[in-house]
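Please keep the model open beside you while you read the points below.

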Amino acid sequence: MKKKVRKAVIPAAGFGTRFLPATKAIPKEMLPIVDIPTIQYIIEEAVASGIEEICLITNSYKQSIENHFDRSFELEEKLKASNDLEHLQMIEDITDMVNVVSVRQKTPKGLGHAILCARSFVGDEPFAVLLGDDIVVNRGGKRAIRQLMDVYEETGASVVGVQPVADENISKYGIIAPSKAINDRVMEVSHFVEKPAFENAPSNMAILGRYVLSPDIFNKLEDQQAGKGNEIQLTDAIDRLAKEEAVYACQFDGNRYDVGDRKGFLQAQVEFALNRDDTKEAMEDIIEALGYVKSDKPAPVEEKPACKIFKTTPVNETAADQNKTSQPEAAMKAVEPIEAAQAIAGISNGSFEETAIASTVLEAEEEGCQK
């Protein structure tokens, strides 16, 4: 019987060096988007998705995060005395939002090690992981982590959240190698590569800060060797897990803001302010004062990268392994890169089916691949 996903782990132990000097004294997770700390957006997503308990992985410099979600008796009494009931309700809602506990990562050994620190909190239950650098907005639709939780409830297997990234950004992320399409958003994954060079990447589909994991991941993390950056990488442990049980990827809907990057942080400031009734007019006035003229024309839609598959076999395969490449894999290599949704749809029970790239597939067939 599949267990409900009730718990979430939010790693928040990084030093935030990209935002120095501000993060010398203030945790990067407490830097506000307009007037709300970034960590609060992450926790609100978890709570709105049905998460009941949250574990923050912190360090000795992050007490202010814990304080933000705790009671503040002096402030509450001051607000009561001044009859500021609106702000009183606001801070009480933050405190009552969800049960939050914290565990310290005593030594910075990487994301995988941070997740391992939550083992006693998680126990034998499946759990969500939300990274604090990624805010995802899906207006009118399901939250990003809820989309992954739905996939877990259908499959009973670990799920990572992915979106395509530009080729020049591939080396910044963990990248998946899809092997089988379940539907237009969900695919089974054969292996994972942590921050590969572009020429070694199996696809351009990057893991972007959202996971639902089986508790079996802890057995992998426990003896996981250091990888990229001499750190224990979560992606490496998931790759090992995928060799023993199914692991899926879900291309989640929503706009992602990388608030761990200065450009993404500034973009979030502007867009969030423009989408709030109480700050929209002020932000429009600021933009106009800077010399930008308001237009009645709709804003241009930012073109997002298409999903592409470059390889279907691990980059460290041996020559003997290459000789054993299956016919579908050979066809995939013959037509790289192609849109991933079409590529994966072409793999079914070891043979190609009809796809939108029929002419390309036919060219591959001429090289010895059967349909």
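1. Arginine 210 belongs to strand 11 (residues 205-213) and glutamate 45 to helix 1 (residues 38-48), so the bridge ties together parts that are 165 residues apart in sequence. The term salt bridge stands for a side-chain nitrogen of Lys or Arg within 4 Å of a carboxyl oxygen of Asp or Glu.

2. How to read the numbers. This is a predicted model, in which local features need pLDDT of at least 70 and side-chain atom pairs count only at pLDDT 80 or more, while totals for chains, interfaces and linings use all residues. Residues are numbered from 1 along each chain as its sequence is written, and side-chain values use heavy atoms, with hydrogens and water left out. Helices (H or I, at least four residues) and strands (E, at least two) are DSSP runs, numbered from the N terminus.

3. Salt bridges elsewhere. How many salt bridges does a search of the whole structure find? The count is 23. One of them joins lysine 28 and aspartate 133, at 3.2 Å from N to O. This pair links distant parts of the chain, 105 residues apart: lysine 28 sits in the loop between strand 1 (7-11) and strand 2 (32-33), and aspartate 133 in the loop between strand 6 (127-130) and strand 7 (134-137). Aspartate 133 is buried, with a relative accessible area of 19%.

4. A bridge between two helices. Glutamate 222 and arginine 119 meet in a salt bridge of 3.3 Å, N to O. Glutamate 222 is in helix 8 (residues 217-222) and arginine 119 in helix 6 (residues 119-122), and the two are 103 residues apart. Are these residues buried or exposed? Glutamate 222 is exposed at 54% relative accessibility, whereas arginine 119 is partly exposed at 30%.

5. A network. Please also look at Lys4, Arg6, Lys7, Glu52, Glu53 and Glu125, which salt bridges link in a network.

6. Helix 3 against helix 4. Helix 3 (residues 73-81) and helix 4 (residues 85-96) pack at an angle of about 155°, with their axes 8 Å apart. Axes are lines fitted to C-alpha atoms, for helices over the stretch in contact, and angles run from 0 to 180 degrees between N-to-C directions. The two helices are therefore roughly antiparallel; angles under 35 degrees count as roughly parallel, over 145 as roughly antiparallel, 65 to 115 as roughly perpendicular and the rest as oblique. Leu75, Glu76, Leu79 and Lys80 of helix 3 make the contact with His87, Leu88 and Ile91 of helix 4, where contact means heavy atoms within 4.5 Å. By class, these residues are four nonpolar, one polar and two charged. Ala, Val, Leu, Ile, Met, Phe, Trp, Tyr, Cys and Pro count as nonpolar, Asp, Glu, Lys and Arg as charged, and the others, Gly among them, as polar.

7. Helix 10 against helix 11. The axes of helix 10 (residues 262-274) and helix 11 (residues 280-289) come within 7 Å and cross at roughly 125°. That makes helix 10 oblique to helix 11. Gln269, Val270, Ala273 and Leu274 in helix 10 meet Lys280, Met283, Glu284 and Ile287 in helix 11. Five nonpolar, one polar and two charged residues make up this contact.

8. A covered helix. Helix 9 (residues 234-242) is mostly covered, with eight of its nine residues buried. Among them are Leu234, Ile238 and Leu241, along with Asp236 and Asp239.

9. Backbone points to check. Most residues other than glycine have a negative phi, and most peptide bonds are trans. Asparagine 83 has a positive phi of about 60°; this residue is in the loop between helix 3 and helix 4 and is exposed at 56% relative accessibility. Asparagine 230 likewise has a positive phi of about 60°, lies in the loop between helix 8 and helix 9 and is exposed at 66%. A cis peptide bond, with omega about 10°, joins leucine 20 and proline 21, and proline 21 is in the loop between strand 1 and strand 2.

Terms used. Buried < 20%, exposed > 50% of the residue type's maximum accessible area, 1.4 Å probe, protein only.
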